[in-house]
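Work through these exercises with the predicted model open beside you. Try each task before you read its solution.

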There are 2 protein chains.
Amino acid sequence: MIASVQLPGERVNQESLQRKMEISCAEAVLLDRIRRHHALTKNDLVALTDFSRSKIAGCVNSLLEKNILTKDGYGNNNCGRRSVLYTLNGNRGLLFGADIGATSIDLIITDLNRQVLARYSEPALVADGPHKILDHVSELLTELLKNHGLVNKPILAFGVGVPGPVNFKQGMVVSPPIMPGWDQFPIVEYLEEKWPNTLVIIDNDVNIMALGEFTKQEGHDNKNIIFIKIGTGIGAGIISNGEIYRGSSGCAGDIGHICVDKNGPICPCGNRGCLEVLAGGAAIAERAMRAVREGKSPILKKYLEKTNGVLTAKEVGAAAKEGDESSIEIIRESGRLIGEVLAVLVNFYNPGRIVIGGGVSKFGNILLASIRQAVIKRSLPLATKDLPIAFSSIVDDAGVLGAINLALDQLLLRQISD
Amino acid sequence: MIASVQLPGERVNQESLQRKMEISCAEAVLLDRIRRHHALTKNDLVALTDFSRSKIAGCVNSLLEKNILTKDGYGNNNCGRRSVLYTLNGNRGLLFGADIGATSIDLIITDLNRQVLARYSEPALVADGPHKILDHVSELLTELLKNHGLVNKPILAFGVGVPGPVNFKQGMVVSPPIMPGWDQFPIVEYLEEKWPNTLVIIDNDVNIMALGEFTKQEGHDNKNIIFIKIGTGIGAGIISNGEIYRGSSGCAGDIGHICVDKNGPICPCGNRGCLEVLAGGAAIAERAMRAVREGKSPILKKYLEKTNGVLTAKEVGAAAKEGDESSIEIIRESGRLIGEVLAVLVNFYNPGRIVIGGGVSKFGNILLASIRQAVIKRSLPLATKDLPIAFSSIVDDAGVLGAINLALDQLLLRQISD
């Protein structure tokens, strides 16, 4: 059993915590199938694994005894007879998810079966540094536990997303451009001291958003997904065979600095014509300013007057919705460039689904149509014929739901993926 | 026990064959670690997994009883005491590997521990069709078994590489451009009838070459590799977390049709400026012909006279070695274009290693230097600082060794990757 209270000073490392769960490798495989489908019968498990019926029966009994699984009503089997459905035992303990953004904190508390028990969001500046932000996150979570009558439940795992490059193994961010004071700060260690007996795990925001999208696509069978976040920067989260793919140095998905125009403007990274500098939020705002200067857009000019001389991508989106041609053209150009890069990635990676998220994605169908057009024009037909390219369906929730799933993955599945 | 003779008409499906191996999920994890490191002690296994010492001892005993593992001398543990090394039991049975190329067949027979027992190569035209080629492959293997005194050994698994796009699940090639008569032919079913009790598995040539490279990199720890084959066509094999990554429709790695010049020549695929049409073997040959026509290369002119008016990439390579400037420039241009595509893939995929193979790779350092230069110029420093980009060290053997490893993977590891 996992201790249900946090003893001050008691520091349990991740390995011994997993040993406390005492899940065998075969049991972990069954838990993986069950959590993906929410609830399954033993017959379903026979169909979804290579295990024999007797092995499945043994594992299910063992997981029931350990209170990790619970019965969840009945399903029909092939012969029309009713069979017991098994699901993760929500009462076993809690999961925390935190999505720390540049200017916001989103928190969620769920049970082990990922039923949301409490949630909270507030504006906060990540630039305030790790002590202030992480202490505040812990205070808010303690408050949520109290307000929702959850104080005596064990907190099994805590997933955290941060807006910067993460060294996943060391549990810290490395040279983050928009997180002053966070470089090399031991986030996992710090939070594990605040939450002893809890497995803490961090990843970057785009990766957890990709994971959130993956776990939300119930009924689909796409284990390979590319999630593109378009905001001030442009980045990708990659799901490979149902898991976050981080690459060999942890920087996979850093597509913002792919060259799309050799003669383009110089990017802060030192190269010319990076995708980010030509298609990201700042590029969109800059082009809008130029359109106003050149007298091409009375609508943008109107917005510029309202906003005291500063246009952002948000105004361009609003102007496009009012039918402003310059704004529509600016958004199309951005979509075309992103689509051309995606076309390359589709030929290489052959994903089953592409999901677009991030602030700029709120531009809607003008952006989506031009991205799709560029991908279909330049990718192989076999790779695009069944390829949905769509906006995130969970939009602002992708991060925090991904954080919960990251926590659950690490808690239950480490033994099979390791 | 797996039957040691092939009974005519006895058709054993893959699933029951794996059940005969009777490997538990935890045992499969240990076998995976042991085959990657060749031989390990129980202490090594404790360090390389999350399993307890007693669980490892139990699994090792069970695998010894099943004759899947065997003792292989002694290693030193931390205290300087000697510990038993465990390795795969070669005597357990045989593995077949076949690399069917456009104009050649390469065959290899190993024991379960991948020790080569027999090998054979001969020219053969894949265009002769599946019946002729596959019957011939089986005859050659039967001959090899006889000549090497291997007739009574069980043949556990048979991996086959083919030069065309493969539907991996169905075990057949789909619309292969250079394999007339093979489209939708049930290769796996056909070979399983010839070799009952043997697990047969096929994949495309680039994927098995990538796997061959991955398993040959002993001592390295790169689980994410991109293998680029440069020949008449250009394709990539992707290793993700130690396994072949095939993508959602099985066409991952098809990088030959990535656009590198929007205004470039039209490719047979219908698009303009594909990598293959600008940097592959045919493009190199065409540029060489142009250099001769324009009077720029007396050395190539000399080769043209020798070859009765037809230049191929091979002559360009030879002329470059003699110092012909036009040929050197042609090779450099090809390397630069390939490197620019690789730079995009490095930013996205962050591989731990890039390996270059295929006929055109025999051009040597001129090609390699220009590929490297383009990758380093355009990729993120974090992704390239520890990134080796090198020619295949096993060159012509990558395919056939990959086929053996594909067979072994499927035989032992299906339960953990499924």
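**Exercise 1.** Describe how helices α12 and α13 of chain A pack: at what angle do they cross, and with which hand?

*Solution.* 
- Step 1. Find the two helices. α12(A) covers residues 325–349, and α13(A) covers residues 365–378.
- Step 2. Compare the axes. They come within 7 Å and cross at roughly 35 degrees.
- Step 3. Assign the hand. The crossing is right-handed.
- Step 4. Look at the residues that meet. On α12(A) they include A:Ile331, A:Gly335, A:Ile338, A:Leu342 and A:Val346. Their partners on α13(A) include A:Leu367, A:Ile371, A:Ala374 and A:Val375.
- Step 5. Sort the contact by class. There are eleven nonpolar, five polar and five charged residues.

**Exercise 2.** Check the length of helix α13 of chain B, then say which of its residues are buried.

*Solution.* 
- Step 1. Work out the span. α13(B) has 14 residues, so at 1.5 Å a residue it should span 20 Å.
- Step 2. Compare with the model. The end C-alpha atoms are 20 Å apart, which agrees.
- Step 3. List the buried residues. They are B:Leu367, B:Ser370, B:Ile371, B:Arg372, B:Val375 and B:Arg378.
- Step 4. Recall the helix repeat. An α-helix has 3.6 residues a turn, so residues three or four places apart point the same way.
- Step 5. Find what the buried residues pack against. The partners are α12, β13, α14 and β14 of chain B.

**Exercise 3.** Decide whether B:Ser361 is buried or exposed, and name its contacts beyond its sequence neighbours.

*Solution.* 
- Step 1. Locate the residue. B:Ser361 sits in the loop between β13 and α13 of chain B.
- Step 2. Count its surroundings. B:Ser361 has 20 other C-beta atoms within 10 Å. The cut-off for buried is 20 or more, so B:Ser361 is buried.
- Step 3. Leave aside neighbours within four places in sequence. B:Ser361 then contacts B:Ile230, B:Ile356, B:Leu367 and B:Phe391.
- Step 4. B:Gly231 is 130 residues from B:Ser361 in sequence, but their C-alpha atoms are 7.8 Å apart.

**Exercise 4.** Take two helix pairs of chain B, α9 with α11 and α5 with α6, and give the angle and hand of each.

*Solution.* 
- Step 1. Start with α9(B) and α11(B). Their angle is about 60 degrees, with the axes 8 Å apart. The crossing is left-handed.
- Step 2. Pick out the residues. B:Gly281, B:Ile284, B:Ala285 and B:Ala288 meet B:Ala313, B:Glu315 and B:Val316.
- Step 3. Turn to α5(B) and α6(B). They pack at about 40 degrees, with axes 11 Å apart. Their crossing is right-handed.
- Step 4. Name the residues here. B:Pro130, B:Leu134 and B:Ser138 meet B:Ile187, B:Tyr190, B:Leu191 and B:Lys194.

**Exercise 5.** Work out how chains A and B are related, and what each gives to the contact.

*Solution.* 
- Step 1. Superpose the chains. A rotation of 180 degrees, with 0.0 Å of shift along its axis, places chain B on chain A with an RMSD of 0.0 Å.
- Step 2. Name the relation. This is a two-fold axis.
- Step 3. Find the residue of chain B closest to the axis. B:Cys25 is at 3.0 Å, by C-alpha.
- Step 4. Compare the surfaces. 100% of the contact residues of chain B recur in chain A.
- Step 5. Count the contact. Chain B gives 42 residues and chain A gives 42 residues. On chain B, α12(B) gives the most, with five residues.
- Step 6. Sort the side of chain B by class. It has 19 nonpolar, 16 polar and seven charged residues.

How values were computed: Residues numbered from 1 in each chain as written. Chains lettered and ligands numbered in written order. Predicted model: local features only at pLDDT ≥ 70, side-chain atom pairs only at ≥ 80, totals over all residues. Contact = placed C-beta atoms within 7 Å. Helix = DSSP H or I, 4+ residues; strand = E, 2+ residues; numbered from the N terminus. Nonpolar A, V, L, I, M, F, W, Y, C, P; charged D, E, K, R; others polar. Least-squares fit on C-alpha atoms with pLDDT ≥ 70 in both. Expected span 1.5 Å × (residues − 1). Buried ≥ 20, exposed ≤ 12 C-beta atoms within 10 Å, placed from the backbone. Axes fitted to C-alpha atoms, helices over the stretch in contact; angles between N-to-C directions. Left-handed = near helix turned anticlockwise from the far one by under 90°.
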